Number of protein chains: 6
Amino acid sequence: MRENAVKRVWAAGGKVVNGWLAIPAGYSAEVMAHQAFDSITVDLQHGLVDYGAAVHMLQAISTRAATPLVRVPWNEPGLIMKMLDAGAYGVICPMVNDRAACEAFVGACRYAPVGYRSYGPLRGLLYGGADYYAHANDTILTLAMIETAEALDNLADILSVPGLDAIYVGLGDLSVSLGCPPTLDPTEPVVVDAIAAVLAAAHDHGLKAGIHCSGGAGAAGRFAQGFDFCSLANDARLLAAAAKAEIAAARVDC
Amino acid sequence: MRENAVKRVWAAGGKVVNGWLAIPAGYSAEVMAHQAFDSITVDLQHGLVDYGAAVHMLQAISTRAATPLVRVPWNEPGLIMKMLDAGAYGVICPMVNDRAACEAFVGACRYAPVGYRSYGPLRGLLYGGADYYAHANDTILTLAMIETAEALDNLADILSVPGLDAIYVGLGDLSVSLGCPPTLDPTEPVVVDAIAAVLAAAHDHGLKAGIHCSGGAGAAGRFAQGFDFCSLANDARLLAAAAKAEIAAARVDC
Amino acid sequence: MRENAVKRVWAAGGKVVNGWLAIPAGYSAEVMAHQAFDSITVDLQHGLVDYGAAVHMLQAISTRAATPLVRVPWNEPGLIMKMLDAGAYGVICPMVNDRAACEAFVGACRYAPVGYRSYGPLRGLLYGGADYYAHANDTILTLAMIETAEALDNLADILSVPGLDAIYVGLGDLSVSLGCPPTLDPTEPVVVDAIAAVLAAAHDHGLKAGIHCSGGAGAAGRFAQGFDFCSLANDARLLAAAAKAEIAAARVDC
Amino acid sequence: MRENAVKRVWAAGGKVVNGWLAIPAGYSAEVMAHQAFDSITVDLQHGLVDYGAAVHMLQAISTRAATPLVRVPWNEPGLIMKMLDAGAYGVICPMVNDRAACEAFVGACRYAPVGYRSYGPLRGLLYGGADYYAHANDTILTLAMIETAEALDNLADILSVPGLDAIYVGLGDLSVSLGCPPTLDPTEPVVVDAIAAVLAAAHDHGLKAGIHCSGGAGAAGRFAQGFDFCSLANDARLLAAAAKAEIAAARVDC
Amino acid sequence: MRENAVKRVWAAGGKVVNGWLAIPAGYSAEVMAHQAFDSITVDLQHGLVDYGAAVHMLQAISTRAATPLVRVPWNEPGLIMKMLDAGAYGVICPMVNDRAACEAFVGACRYAPVGYRSYGPLRGLLYGGADYYAHANDTILTLAMIETAEALDNLADILSVPGLDAIYVGLGDLSVSLGCPPTLDPTEPVVVDAIAAVLAAAHDHGLKAGIHCSGGAGAAGRFAQGFDFCSLANDARLLAAAAKAEIAAARVDC
Amino acid sequence: MRENAVKRVWAAGGKVVNGWLAIPAGYSAEVMAHQAFDSITVDLQHGLVDYGAAVHMLQAISTRAATPLVRVPWNEPGLIMKMLDAGAYGVICPMVNDRAACEAFVGACRYAPVGYRSYGPLRGLLYGGADYYAHANDTILTLAMIETAEALDNLADILSVPGLDAIYVGLGDLSVSLGCPPTLDPTEPVVVDAIAAVLAAAHDHGLKAGIHCSGGAGAAGRFAQGFDFCSLANDARLLAAAAKAEIAAARVDC
């Protein structure tokens, strides 16, 4: 089975730089796949992306080496399994707030007897290879989003679910849940402390820790803090910021 | 009929900053339409965009004030008229190399007796308003691309075609046609001189002059040179460059 | 944040005329958005519309002033939130049969601490404005469908859920649930009485009341009865009826 | 090969009521195909329809008995043949202004030795049947649009092209070409006379005559005048008019 | 209401040969619908098919006589009802592991008082006919997948749910659940015995029994064993196997 | 620049087995790309494929090693260039009947000074590499279809056009043009002789010769005859034949 680059980087002690796709187009996904990301996540939650667009984007990513991941809209087994069948090599699941939710999520990503994933990885076999079934449970990544006060309360329970590979901090929702406005660069102590606590707890449980960042500089800071996996804003934000900067440069003398 | 912002800016003595779309998605088009462009061009020639995607993108642009333009793949009346019917407020036509080509192009954008555009602007009526027919010939912009040695030879003939509003310099093809490698920032004298000659000739004929630029800084230079309309790379280039820069920033300490 | 026209009309003591879209196309949505509806609902339940089509339709509606609403297929937080992130300004939720269902529905539409909506309104920010987060909880409309005998039994419980703005009577299902064939113009006393009871109860709880109508004449009757929000059939029914009438007129002498 | 209903109706001395599709959706096409049209035309010229949408619409029409036709954007063999291969049973071609244009159009619809259509009717074989090749030249309808002053001048030449089945009057363009504003219900004598002349000439040459109408009443008048084939506005116009009428009815007491 | 061919074949004592679609395209669906299948299932679980593609495929199938079925991704009422509204004449539901799951599934397919399906069969009315409501509960097929050890334990409970028409054996998952690698041609006794037990139990409860097969030869064996409904691999497998065989034949002398 | 596998195989004295895609879906294209084809052609002429679908299919093919080619609908520079920009590595052009047509076709595939291709290979740069411009003229394949009596008459003129790489025999059209019914396995002497003549002439001019075959066995025969490039039916034919065979096998005892 084709290797999971995220696992390889982590095994080598490295940090994972993850791209994030919200634009529903195969071409922009392919453009992003030609940048030097270790992995690229198709965001089916807040991105403007549904299943059909996501498959197209996964195909575009598959023309290159970056490992394709998805974020699903909600902790529902139907779509989680459908995205894995379509060739995603890992799932970021939002709003994993307690142990039962985490077990349901991880179980949806694993074949029996470990989990309850249904067998039929049609495009997974094309992308992963003919030995997909033998290695899928060890290759597919599971990342549970920790992004509410409730999840903080249940952190140890969540982190001890067998088969969970990593947590992923959702900064917008975590801020909101802790009574602060949403931001990707939080400064309120309650949020800052919560992030540090989640990071420490993940590592204590032998799990990797990922986080959503406002861009490359923010990611560098998170890597320095100890995070193992950082997403750099998303394609739409990058595009908007670049366009804004170029317009300003064009109008410098107008 | 809704006004054409490009005409308004020009009438006020201003310069037009034009966005350029190659990604076939309504969402990225809408993101770009929320930046401060005067006009946005959907590129059906080199962009990964066909008619169906272009209509979606025109609808997305129509949620905002920037005037929607299109570049068509070739000088063919069928698609030129189809894009105007879909609500485009101007057409950039590639490879206008002689007077007959220019007449065919401009005629396709104008109703009789000026031209031979077929009547039936279904979405044009929605976007432009119920008085579309009365004002379309005066509102729709025609920009002929000057991008070959042949066009340079026929420049005066091309520029004197009634109804032509502007020329648009295609730097990649002009460079290639003059024996140089394609670039958006040419330095070879033969290309530099050709650009200056086209600009001067256009203004001599009372026409506006547009050009494709590598970005905002390049556009500022072209505005200073006298150009009236500058396109800033395209969405895919902006995205790629932004992603590359952010990845480098993220990996600064790795 | 851009205002919600439905709330404005209601605040002014007016009645809301709502369009209803079942055809999965941006163009027909845009045609409908050029009629004088106060709001237009994209129907993802019985309409032939999925998420991708719905986003295109929301973009088409956004070219005009009518407020965009959606009906979701089922009371599931994943798609409810995804449609709000895509710019819907209100949600009509089917089969809200008890208080817990209503709480789950309303909570999915509200950020903490009121609800549990996940933050990330990508297109919502474009449509609503940069201050979306500050005003979303007060701007987004929640309409719970009352359409079963079970819901009638639990009516007071449902109507007293904090954050619920209105109920919406589903006539087909209500008729079926009460043992009658489905119709948009019911005459059976049990259905007629149930409608009146729901209307009265909604108003008693300080909520607005909406209902699906067979067309304009039916809506006028419902407005006279006291309803605050009426949907006029759907685009497919309007089209079929118009085509049928025109064919008959064409064949009058054949 | 499946029969062409238009030919059957005409052979029986009847009049053809034709539907017209501008909305790019399979569902609205299927709704229209459930009305009592003899034929339904997918409009790829002024409609918001491209090839991909048109194929979907042809499939939707094929669930019913009405014969599927297309109007192409321009007199170009590539797309004419592509639509026939996709199962269209006839082509309405715009802007047939002289004999050479008519020959090019008709030739694109006929296999050698009559014409130069390329063989490979993939969906045509599914829709028409395994004996498609043997009967296609006799089954496929060719309708040349007469809609310019130039075409009026060349009328006899155009009408005498072998293999042409019918003409189709484009009222908007004919009006514009004759110096009048576009309308589907012309009253200017120059246009009225031209219509009568085209009708008479078509019948003199043994051809059928079709025309675009504003609706059923207009079509009844055209049938009475002698026309053999009438199109009833289009789906988008029917929808807009129906919505407008229902909104007015809903607001009668507001 | 249009009859259900599967029910007709079964009523006549026949066996149903079912096609299976994983390729998200209307054209391949139409090609398959021109083969001699009794029914064709659009697979929204493991197939690369979402709602939008599925509707297109149902329309393509509706051009022919084979009865359209769907397999849904998961036992969720929202999408089950949406597919029935779109004209599916039966639903194969995965992972029906206990009586409650079976009741939820069957209820989603039946109008009250039998079930809780919401009324609004927009395309169902086009495909089925105007009397759809009166006959839908008796026409729509429900097939529960038996594919886990848990389902085997609860078999009698599942099979006795009123309104269930048939079971469908999922061989891949059943194998995995029983500790064997997934295959469509199992030979392990534990799987072979389980299949026989499910078949016998279904017939004992007066239900029909369906199964997924590796192809025609496998299906012939299953029919001989007593199964009533056999699916022949899927379109993608058929295509891959055919291409592989033809390539080998082409290279025979290379 | 990524190499062209067809050129590599030919340079090594080998024969090219080419797949042929008529189904407009990325998934089926990817399934085909996992078979052992040397090249795969997306057919935009008779296939049910337009530009948008073709790009998706090219992306799917790009996940594997087979070289992507396209057949265009007609000899038109706009779409030929658009497909090359999208990453096609060669173009099969129908109906090349004389020298001027061949020059127009080949010129559209080559940058100046050899041809007149417009520069802007957006996806070509992703697929081919950053040095695309330097090598494109030598890498992109041009195959002119010889399929009419007129082309046979002009054969030497056509074959001597500089930059033409190969001819491609279209058997259906060649048969029709020579007065025979269309077939992929012709036996009429006039067609058989014409094929042999074209093959010999191509080789005499130093060009390669390709041909469309009914399947693998037919291709083996053509390779033995001397052809260098054989296409194996198309995906839809392979699917239909496979389904037919499997259904027969399933019904063997019914």
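This is a predicted model: local features need pLDDT of at least 70, side-chain atom pairs count only at pLDDT 80 or more; totals for chains, interfaces and linings use all residues.
A crossing of two helices counts as right-handed if the near helix is turned clockwise from the far one by less than a right angle.

**View 1. Helices H2 and H3 of chain D cross in a right-handed sense.** Welcome to the helix pair: H2(D), residues 26-33, and H3(D), residues 51-61, have axes that come within 8 Å and cross at roughly 30°. On the H2(D) side, look for D:Gly26, D:Ala29, D:Glu30 and D:Ala33. Their partners in H3(D) are D:His56, D:Met57, D:Gln59, D:Ala60 and D:Ile61. By class, this contact is made of five nonpolar residues, three polar ones and one charged.

**View 2. Chain B meets chain A.** Here 42 residues of chain B are in contact with 42 residues of chain A. On the chain B side, strands E1 (16-21) and E8 (229-232) each bring at least two residues, as do helices H2 (26-33), H12 (216-225) and H13 (235-250). The top contributor is H13(B), with 15 residues. If you sort this side of chain B by class, you find 31 nonpolar, five polar and six charged residues.

**View 3. Chain E also touches chain A.** In this view, 18 residues of chain A are in contact with 20 residues of chain E. Helices H3 (51-61) and H10 (171-177) of chain E each supply at least two residues to its side of the contact. H10(E) gives the most, with four. The chain E side comprises 11 nonpolar, six polar and three charged residues.

Definitions and conventions. Residues are numbered from 1 along each chain as its sequence is written. Chains are lettered from A and ligands numbered from 1 in the order in which they are written. Axes are lines fitted to C-alpha atoms, for helices over the stretch in contact, and angles run from 0 to 180 degrees between N-to-C directions. Two residues are in contact if their C-beta atoms, placed from the backbone, lie within 7 Å. Ala, Val, Leu, Ile, Met, Phe, Trp, Tyr, Cys and Pro count as nonpolar, Asp, Glu, Lys and Arg as charged, and the others, Gly among them, as polar.
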